[in-house]
Amino acid sequence: MIYLILAYEFFKIGLFSIGGGMATLPFLMDLTDKYDWFTASELANMVAISESTPGPVGINMATYAGYNAAGVPGAVVATLSLTAPALIIIVIIAKFLENFSENPTVKAVFYGIRPTVAALIGYAVWELLKIALITTTGGTFNINLTNLFICGGAFLLLQIKQLSKLHPLLWILAGAAAGILFKM
């Protein structure tokens, strides 16, 4: 039964998360409320791991979530279910692309989807910032000043033109070093 639920949930995510892997985050956050496959805190770790491993972020997160839910078979089911809608849609589009490529309605639909994708990604960023920066202790909210300092410093450094051209792996390693340094 778990495999059918995984297939259904990740097929839905694959069908409606237009805009790439980060657009899957709101859907994955919704799964934390429905199932005990992973927590919101584990979701933040999933994002970090998915960003730092090869491959598409959404697929990496589906694999991780499926593995948490039902082991290796669950990872396979979640990954295939997430990619199935895109494969089906691409095959259909490829079949009829020549007829619709210059259609004004099709152009308008894709133009209208862009702000929605931006909003989904913005929402995901907001939720991840809350997880990284705000802790709850005894019903009170506390801002994690160490993480705020690391985020602010990284943001400021990214504004320097030459530093923003550095390879993302260097930024990940710098963030890991800062976390180790400030947590000791």
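Q: At what angle do helix 1 and helix 2 pack, and how far apart are their axes?
A: First, the ground rules: this is a predicted model, where local features need pLDDT of at least 70, side-chain atom pairs count only at pLDDT 80 or more, and totals for chains, interfaces and linings use all residues. Residues are numbered from 1 along each chain as its sequence is written, and side-chain values use heavy atoms, leaving out hydrogens and water. Helices here are DSSP runs (H or I, at least four residues), numbered from the N terminus. Axes are lines fitted to C-alpha atoms over the stretch in contact, with angles running from 0 to 180 degrees between N-to-C directions. In this case, helix 1 (residues 2–16) packs on helix 2 (residues 25–34) at about 155°, axes 10 Å apart. That makes the two roughly antiparallel (angles over 145 degrees).

Q: How is a pair of aromatic rings described?
A: You take the distance of the centres and the angle of the planes. Rings of Phe, Tyr and Trp (its six-membered ring) pair if their centres lie within 6.5 Å, and planes under 30 degrees apart count as stacked. There's one aromatic pair here. The Y35 and W37 ring centres sit 4.2 Å apart with planes at 5°, so the pair is stacked.

Q: Is W37 buried or exposed?
A: Buried means under 20% relative accessible area, exposed over 50%, and partly exposed in between (1.4 Å probe, protein chains only). W37 is buried at 7%, whereas Y35, at 24%, is partly exposed.

Definitions and conventions:
Rings of Phe, Tyr and Trp (its six-membered ring) pair if their centres lie within 6.5 Å; planes under 30 degrees apart count as stacked, over 60 as edge-to-face and the rest as tilted. Angles under 35 degrees count as roughly parallel, over 145 as roughly antiparallel, 65 to 115 as roughly perpendicular and the rest as oblique.
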